[in-house]
Amino acid sequence: MAMNMPSPRLHRPKTFKQDNNLCYSPKLCLYILALCITLLLLLQFQSLQQWQNLVFKYRALASPQNCTTTTAQDPESISQKLRDSVTFLPLKDLRFANQPLDGHTWFMSSMYDTREEGEVQYQQFPSESSKGRLLCLKGRDNHDGSWNYYALAWPEALPSNATLMKGLTFVAYNHYNFDNIWHGLSAVMPFVAWHRKNNCETPSRWVLYHWGELRFKMGTWLNILMEATFGQPPYIEGFTDIEDDSQPVCFEKAVARVYCNVSVQRRVNQEGPDIGMTLLMRTGPRSFRNETAVIRIFEKECNKVKGCRLMVAYSNNLTVCEQVKLMSLTDILMSPHGAQLTNMFLMDRNSSVMELYPKGWLKLAGVGQYVYHWIASWSGMRHRGDWRDPDGEHCPYSDDDRRCMSFYKNGLIGYNETHFADWARNVLNDVETKKSEEEASKHGSASCYCS
């Protein structure tokens, strides 16, 4: 007999749809959301802490207290860096080698001059313009100035192995040389003006450069003049105690590259005629073809002016004292271009100079032909122009060929009677009208007013 048993229920897995109430339970959703927010806050807090630590560390490193402490802890390192930063540049800047007079830029070209109205231009070290730094030199080449060098360095951080030279040093440069008196005077006379203006401070040594090349002597006459000015013979530094040419030398105080206009009055002031007119002759090269005719022209014009006296002289026949006396009596100096004109610096302020040249010099002689214009300016005198002979020896080359200078350099000088007479008359008339003012300025002296 079959019993009626209940049929067993088949167990079926719940589908997603069937478990919908579990997934979307509000309590479960709130729990999951709270957990996510907590985790996010923890991560953000940890990142913020790391960033703050980085900022605090950077501020501590950049603080002034930390910098001061670091510097104070390693001063030698800073000094060494300053020593290593000294940069030496060539004394002769090849960029300006072909234009030596255009601002005097070829020598120490990176330096700027101290300029004062009516005074010499110069560079002084240390000074405000050098920011307290000293002048240092390196190299002893006497053939190529671009192998000699200069630099500026702090007194506390001189270049490694540098030698410090005490006292005042004059660093003179020259486009020509120091053996010839007129070349040398154009380089050293401005230092005399600086000396007078600065309480007659005397140099311990001279360093001489010709186009950046070292020179080790002055001409005899130039030595005598400098000894008379400074009270002792000039000591020309040869750096013989420096074993290595690459070893720098620095100067406690230096004055360099002095030039420009300056007034230097004569030393000797003796009584003479109202107007002294001197015709200074040459013998041999650049002398007059007809001396008698030239003397006659100038003598005729001088005789027309009351108190004028013409003096004719050959400087090679005069002693040093006679040359000084002659120049002290001269108000107007006439002479061919040549070394004898150097004596013009012995004349009084406002004296006049008239210069004569052979044929060909204007085109071919270069800037050196104007040296007596410069000396006249430096000495407070007036250069009254020049006359250039249009006639002379024939050159087989073109007029602008530099080989022609060998034909013209020592040529004889002719004359032009009309031009010479007019020239002399104009200068004499001007001197005569201004004589009273010039007499008042005669009594100055070039000697220093120091005890």
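**Close-up views of a predicted model**

**View 1. An aromatic cluster.** Six residues, Y122, F170, F191, W194, W206 and F230, come together as one aromatic cluster. The model shown here, and in every view that follows, is a predicted one. Across the protein, the count of aromatic pairs comes to 14.

**View 2. A stacked pair, F107 and Y173.** Here is a ring pair to look at on its own. A pair of aromatic rings is described by the distance of the centres and the angle of the planes. For F107 and Y173 the centres are 5.0 Å apart and the planes meet at 15°, so this pair counts as stacked. F107 belongs to the loop between β1 (89–90) and β2 (121–125), while Y173 belongs to strand β5 (residues 163–174), so the pair ties together parts that lie 66 residues apart in sequence. Both partners, F107 and Y173, are buried.

**View 3. V171 and its surroundings.** Let us stay with strand β5, which also holds V171. The relative accessibility of V171 is 0%, so V171 counts as buried. Which residues are in contact with V171, once its neighbours within four places in sequence are left aside? They are F107, M108, L135, F191, V207, Y209, V255, A256 and R257. One of these contacts is Y209; V171 and Y209 are 38 residues apart in sequence, yet their C-alpha atoms are 7.6 Å apart in space.

**View 4. Helix α5 against helix α10.** Helix α5 (residues 181–197) packs with helix α10 (residues 371–378) at an angle of about 35°, and their axes are 10 Å apart. The crossing of α5 past α10 is left-handed. On the α5 side, W182, L185, S186 and P190 make the contact; on the α10 side, V371, Y372, I375 and W378 do. Sorted by class, the contact has 7 nonpolar residues, 1 polar residue and no charged ones.

**View 5. Two arginines over tyrosine rings.** R388 lies over the face of Y357, at 4.0 Å from the ring centre. A second example is R403, which lies over the face of Y397, at 3.9 Å from the ring centre.

View 6. Some backbone details deserve a look of their own. Most residues other than glycine have a negative phi, and most peptide bonds are trans. The peptide bond from F125 to P126 is cis, with omega near -5°, and P126 sits in the loop between β2 and β3 (134–138). C200 has a positive phi, near 55°, and is placed in the loop between α5 and β6 (205–210). With a relative accessible area of 12%, C200 is buried. W211 likewise has a positive phi, near 55°, and is found in the loop between β6 and β7 (213–215). Is W211 buried or exposed? The relative accessibility of W211 is 17%, and buried means under 20%, so W211 counts as buried.

**View 7. The whole protein, for orientation.** The protein has 12 helices and 13 strands. Of its 451 residues, 43% are buried. Among contacts with a separation of 6 or more, 74% are between residues 24 or more positions apart.

Technical notes
Residues are numbered from 1 along each chain as its sequence is written. This is a predicted model: local features need pLDDT of at least 70, side-chain atom pairs count only at pLDDT 80 or more; totals for chains, interfaces and linings use all residues. Side-chain values use heavy atoms; hydrogens and water are left out. Axes are lines fitted to C-alpha atoms, for helices over the stretch in contact, and angles run from 0 to 180 degrees between N-to-C directions. Helices (H or I, at least four residues) and strands (E, at least two) are DSSP runs, numbered from the N terminus. A crossing is left-handed if the near helix is turned anticlockwise from the far one by less than a right angle, and right-handed if clockwise. Contact means heavy atoms within 4.5 Å. Ala, Val, Leu, Ile, Met, Phe, Trp, Tyr, Cys and Pro count as nonpolar, Asp, Glu, Lys and Arg as charged, and the others, Gly among them, as polar. Rings of Phe, Tyr and Trp (its six-membered ring) pair if their centres lie within 6.5 Å; planes under 30 degrees apart count as stacked, over 60 as edge-to-face and the rest as tilted. Buried means under 20% relative accessible area, exposed over 50%, partly exposed in between (1.4 Å probe, protein chains only). A charge sits over a ring if NZ of Lys or CZ of Arg is within 6 Å of the ring centre and within 35 degrees of the ring normal.
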